[in-house]
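Dear colleague,

Please find below the structure that I am handing over to you. My notes on it follow directly after.

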Amino acid sequence: NSKLVIAIDGYSSCGKSTVAKDLAKLLNIIFIDSGAMYRCVTLYALNNGLISGDNIDQKGLKSALQNITISFKFDAESKTNETYLNGKLVEKEIRSLEVSNHVSSISAIGFVRKKMVELQQKMGETESIVMDGRDIGTVVFPQADLKLFMTASPEIRAERRFKEFQEKNENISFEEVLENVKKRDHIDETREESPLMKADDAVVLDNGRIGKEEQLNFIVQELKKRN
Ligand code: C5P
């Protein structure tokens, strides 16, 4: 049994993808950011007039899903997977505040989740994988070799996102970012369809308290325990 599946779930902006990327590099396996997939669907919906205000055209979205192809390509320069929507690189667009503001409503829709979960499970069928998201340990890979549940306070998380926006010279206030983080967490935790939840057998990692190196060491120790 050489195939390894690692599931990382947790709140928004608590450093899941940073840890997942580092871990994938260390173990030389692929990393999939499942949130990027929900963000692609949201971007497509926004670009095709399927979202107006708080309203989502569900019928339109359902048929649109058949026209959406999401893929990841490893970029040698940045050494990360970049996200493509229908063949177009969208890595930057899917991280905008507009997409962030709508993604939790889109990902609360049952038929959207069903389709994404199918795609995600396919990605983990043949290769070793680290996947991060909200329902990876509970729904996508309930048999994962290792499940991690990451946390950090909303303020720490918003601060991190805020810095990222500042680095990209985007003019967004800390309050706006904090509000988005809290709102998304609330929708993610309270939705009917696979709400954000710690799997019973997941190990908790408080990202606000320990640094990157320590987190990786911790995870490697956890993996060793299971071998
Ligand atoms: O991980 P990220 O913050 O980019 O995810 C964006 C949003 O996508 C989350 O706030 C959540 O609403 C949704 N999501 C989800 N299930 C996943 C991954 C992300 O519902 N597995």
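In which loop is the place of Ser194? Ser194 sits in the loop between H8 and strand S10 (203–206); helices (H or I, at least four residues) and strands (E, at least two) are DSSP runs, numbered from the N terminus.

The model is predicted, so local features need pLDDT of at least 70 and side-chain atom pairs count only at pLDDT 80 or more, while totals for chains, interfaces and linings use all residues. Residues are numbered from 1 along each chain as its sequence is written, and side-chain values use heavy atoms, with hydrogens and water left out.

Nine helices and 10 strands make up the secondary structure of the chain. An unreviewed UniProt entry places the feature "domain: Cytidylate kinase" at residues 6–224; such annotations may be inferred rather than shown by experiment. This span is 50% helix and 19% strand, and its end C-alpha atoms lie 13 Å apart.

Of the 227 residues in the chain, 49% are buried (under 20% relative accessible area; exposed is over 50%, partly exposed in between, with a 1.4 Å probe and protein chains only).

Two residues deserve a separate note. Most residues other than glycine have a negative phi. Ser194, however, has a positive phi of about 35°, and Asn169 has a phi near 60°. Asn169 lies in the loop between helix H7 (154–167) and helix H8 (174–190). Is each of the two buried or exposed? Asn169 counts as exposed because its relative accessibility is 71%, whereas Ser194, at 18%, counts as buried.

Yours sincerely
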